Amino acid sequence: MTEANPSVHAGGAVRFTCTTTSTGRARLGRLETPHGVIDTPQFMPVGTQATVKSLSPGDLRVAGTQIILGNTYHLALRPGHERIARLGGLHRFMGWDGPILTDSGGFQVFSLAHLRTVDDDGVTFASHLDGSPLRFTPERVMEIQAALGSDIAMAFDQLVDPAGPSAAVEAAMERTHAWAERCLASRTRSDQALFGIVQGGTDDKLRRRSTAAIAALPFDGIAIGGLSVGEPKADMARTLEVVGDALADDPRVRYLMGVGSPLDFFTAVERGVDLFDCVLPTRVARNGQVWTSRGRLNLRNARFLDDAGPVDPACSCETCSTHSRAYLAHLFRADELLAYRLASLHNVTYTLDVMRRIRQALRDGTFASLRDVVARQYEAVGGTDKPGVTGR
Ligand SMILES: [Zn+2]
C-alpha cells in the first residue's frame, strides 16, 4: 500500500518521483531520464564492454531491461571514449537506445589495474590489458563519461577494503568527498545526471559522516559504494540501515552498487534502496548456474542430461519456452556458445522478474511473504528432490 503525496526531485537531466510504502523505508518510484523511464526498485544488467555478455539489445528488451550499466574504466581503455564519441556516443555504438548509467571506474581501478598509486589529485595505474601507464582524476573521469554520453554518470570514488585499518577507510572517504566536489565542478553536459557515492566502509560513524557530506552536495542521486565486497551480510544490512536513517526523507534516487543476489534486494529495498547493478546473474549463468522457481540448478550436472522439462516451468523467457534442461546441459558440456546466451537470457529475465514482483508486493503490502517465497527458491539447490520447493 502506498501513501499519497509523492516526493519529487528534478535535477537537470533526470526527474525522480517516489512514494513511501508500508514496508520499512521501501519506496516505489519512477526515474525519468533522457532515454526513457525506469520503474523503481529496479535492477541494471551490467554491460562492461558495451555489451551485456552474450545478449543483444533485443534480448535485453524482451527480458524486461529498462536500464543498463556501462563500465567507464573498460571503455576508456578499449575501444577508447574518444572513438565511441566519434561514432555517435555509447547508445548508438552499442545499439541500445534505452537509459545507460556509467560507473566512474573507481571500482575497476582499485580491483583490476596494476601498480596503482593514489594521491589527493587522482590515481596513476597500469592498464590490465597491456600495462600502459594511465591516470584517472575526477576531472578526467567526468570527461570520459561526457564523451560516452550516458544518461547517468557517477562521481569518482576511492574504494578500500572495509576490513582494513580504520584510518585508511577514513582517508579514502575524505578523498571521495573532495573528489565528489571536483566532479560536480567539472560537469559539462546538461543532459547527463550525476550521482555522488557514499563511502565509509562498515563503520557506522564514518557512514553517517559520509552520507551527510554527499547528501549536502547538489547530486541528482545518491549511491552507496564499498559494500558487497566480501563483508558479512549483517554488516551490509546494518550499514544500509545507517545510511537510510541518515538520508531520512531525502527525495533523490538511491543506488546500491554491486548487489545482484535476489535475497540482498529484499534487505536493501526495505532500507530505502531504489537501484541495483551486478554481474552476478550473467556471470553464474556462463558457469551453468540458473536461478529458478525450483531452486538453483547447475546445468553442468549429469542429472539434467535426460531432463526433458524446461529450465523453469514458471518462466516464459525464450530459453524456458523453447528448450529443455537436457538441451542446455548438452550445450554446456559441448562448450557451445548458445549455452551462454540461453542461460544468461533466463537469469536476467528471472532477476528482473523478482524486481517486478517486489514492486507489486510493495503495492500490495505482501513484501514479507514474497521474500519468504524467493528465499526458499534461491536457497534451494534444485534437482536434489528437496521438499517444499515447488511453485512460486
Ligand atoms: Zn526462463
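Helices (H or I, at least four residues) and strands (E, at least two) are DSSP runs, numbered from the N terminus.

## Basis of the model

This is a predicted model, in which local features need pLDDT of at least 70 and side-chain atom pairs count only at pLDDT 80 or more, while totals for chains, interfaces and linings use all residues. Residues are numbered from 1 along each chain as its sequence is written, and side-chain values use heavy atoms, with hydrogens and water left out.

## The zinc site

The zinc ion has as protein donors Cys315 (SG), Cys317 (SG), Cys320 (SG) and His346 (ND1), at 2.1 to 2.3 Å; donors are N, O and S atoms within 2.8 Å of the metal (3.2 Å for Na, K and Ca), and since water is not among the atoms, sites may look incomplete. The angles among the four donor atoms run from 97 to 121°, and the site is tetrahedral, a label given to four donors if all angles lie between 85 and 135 degrees. For comparison, the ideal angle for four tetrahedral donors is 109.5 degrees.

Along the sequence the donor residues follow the spacing C-x1-C-x2-C-x25-H. Because Cys317 lies in the loop between β17 (295-298) and α12 (318-322) while His346 belongs to helix α14 (residues 338-364), the pair ties together parts that are 29 residues apart in sequence. Both Cys317 and His346 are buried.

## Two antiparallel sheets

Four strands form an open sheet in the order β1-β2-β3-β4, with antiparallel pairing; two strands pair if DSSP finds at least two bridges between them. Since β1 (7-10) and β4 (36-40) stand at the edges with a single partner strand each, one side of each is left without a neighbour in the sheet. The twist averages 15° from one strand to the next. Four bridges join β1 to strand β2 (residues 15-20) in the antiparallel sense, and His9 has Phe16 in β2 as its bridge partner. Helix α14 lies across β3 (27-33) and β4, running at about 130° to β3, with axes taken as lines fitted to C-alpha atoms, for helices over the stretch in contact, and angles running from 0 to 180 degrees between N-to-C directions.

Another open sheet holds three strands in the order β8-β9-β10, again with antiparallel pairing. Here β8 (114-118) and β10 (133-136) are the edge strands, each with a single partner, so one side of each lacks a neighbour in the sheet. The twist averages 20° from one strand to the next. Three bridges connect β8 with strand β9 (residues 123-126), and His114 stands opposite Ala126 in β9.

## Two individual residues

Thr102, in strand β7 (residues 100-102), counts as buried because its relative accessibility is 0%. Not counting residues up to four places away in sequence, Thr102 touches Gly70, Thr72, Leu90, Gln145, Leu148, Ser150, Ile152, Ala153 and Met154.

Val62, placed in helix α1 (residues 57-63), is exposed, with a relative accessible area of 73%.

Terms used: Four donors count as tetrahedral if all angles lie between 85 and 135 degrees; four count as square planar and six as octahedral if opposite donors are over 155 degrees apart and all others between 65 and 115; anything else is irregular. Buried means under 20% relative accessible area, exposed over 50%, partly exposed in between (1.4 Å probe, protein chains only). Contact means heavy atoms within 4.5 Å.
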